[in-house]
Amino acid sequence: MLTSERKALIQQVLRQEGRLVAKEFSQKLGLSEDTIRRDLRELAGEGLLQRVHGGALPASPAIADFGSREQLGSSVKAKLGQAAAQMIQPGQIVFVDGGTTNVQLARHLPCDLKAIIVTHSPSIAVELVRHPSVEVELIGGRLFKHSIVAVGTTSAEAISRIRADLFFMGATGVHPDTGITTGDREEAAIKRLIARQSAETIVLATPDKLGAASPYQIMPLTDVGTLVTVSGLADELLLPLKSSGVALLEV
């Protein structure tokens, strides 16, 4: 079997089964495990999968620039954002992470909502200008352009002084084994810090992020208060998540 054929088969297995175990796959093909691991390294280098101990998982597709991501699945993101906006109660202090789905949350907040929204995302802050009764606290720091959020020590210091009722977290991967993941180490650290400062963490996940993984873990699924996704998804996608014990809200 040619290298290109093996790599195509690897990607097919990941699409169909959601994971690949290197030892089992090598035995099935009658090849050395080292050969398969080399294929996995090369595919991971191309961003086509996420390597994990013993094999690989599907890579998160959320790697495009912010503008491109905003156009993808906009109706689904709007649905998630609308559902999330209804979870905020008057008088609460709420931390809203960056990301295109959370932009939809900001757009769907009730016009008369009186609450404090804390964010390290300029995009979210601009959306909230339209809400006269919402007080906005914008966290500064170094701008991570991929997600349009502030990161770094300046951000961390400000976040550590805030206690929030809710944290709406953005992520690029949601998987029962790797948990909630993202593609940048520093951004993952900031998200963990915000979660520690919040009474409850809520993750809004479009279907393409379920069963996918990115390089840096933010937290295990058991640390998430509620995982919100759309209804009507296949059982094989949802059952592993439900088995992890996370509270799943389908909207």
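Analyst: In helix 6, the buried residues are T100, T101, N102, V103, Q104, L105 and A106. Buried means under 20% relative accessible area, exposed over 50% and partly exposed in between, with a 1.4 Å probe and protein chains only. Helices are DSSP runs (H or I, at least four residues), strands likewise (E, at least two), numbered from the N terminus.

User: What kind of model is this, and how are residues numbered?

Analyst: The model is predicted, so local features need pLDDT of at least 70 and side-chain atom pairs pLDDT 80 or more, while totals for chains, interfaces and linings use all residues. Residues are numbered from 1 along each chain as its sequence is written, and side-chain values use heavy atoms, without hydrogens or water.

User: Take T101 in helix 6. Is T101 buried or exposed, and which residues is it in contact with?

Analyst: T101 is buried, at 6% relative accessible area. Contact means heavy atoms within 4.5 Å. Beyond its neighbours within four places in sequence, T101 is in contact with K77, L80, G81, L204 and T206. Among contacts in the chain between residues at least 6 apart in sequence, 61% join residues at least 24 apart.

User: How many residues are in the largest nonpolar core?

Analyst: A nonpolar core is a set of buried Ala, Val, Leu, Ile, Met, Phe, Trp, Tyr and Cys residues joined through side-chain atoms within 4.5 Å. The largest here has 53 residues, and F168, V174 and I180 have the most contacts inside it. Leaving aside neighbours within four places in sequence, the contacts of V174 include I180, V203, L221, L227 and L241. Another core lies apart from the largest one; it has 11 residues, including I10, L20, L40 and A56.

User: Which helix gives the largest share of the lining of the largest pocket?

Analyst: On a 1 Å grid over the protein atoms alone, a pocket is an open set of points where a 1.4 Å probe fits, with protein on both sides within 12 Å along at least five of seven lines; lining residues have an atom within 4 Å of a point. Helix 1 gives the largest share of that lining, 5 residues. Helix 1 (3–17) and helix 10 (235–243) each supply at least two lining residues. The lining has 22 residues, with L14, E17, G18, P58 and G211 nearest the centre of the pocket.

User: How many helices and strands does the chain have?

Analyst: The chain has 10 helices and 15 strands. Its C-alpha atoms fill a box of roughly 65 × 40 × 30 Å along the principal axes.
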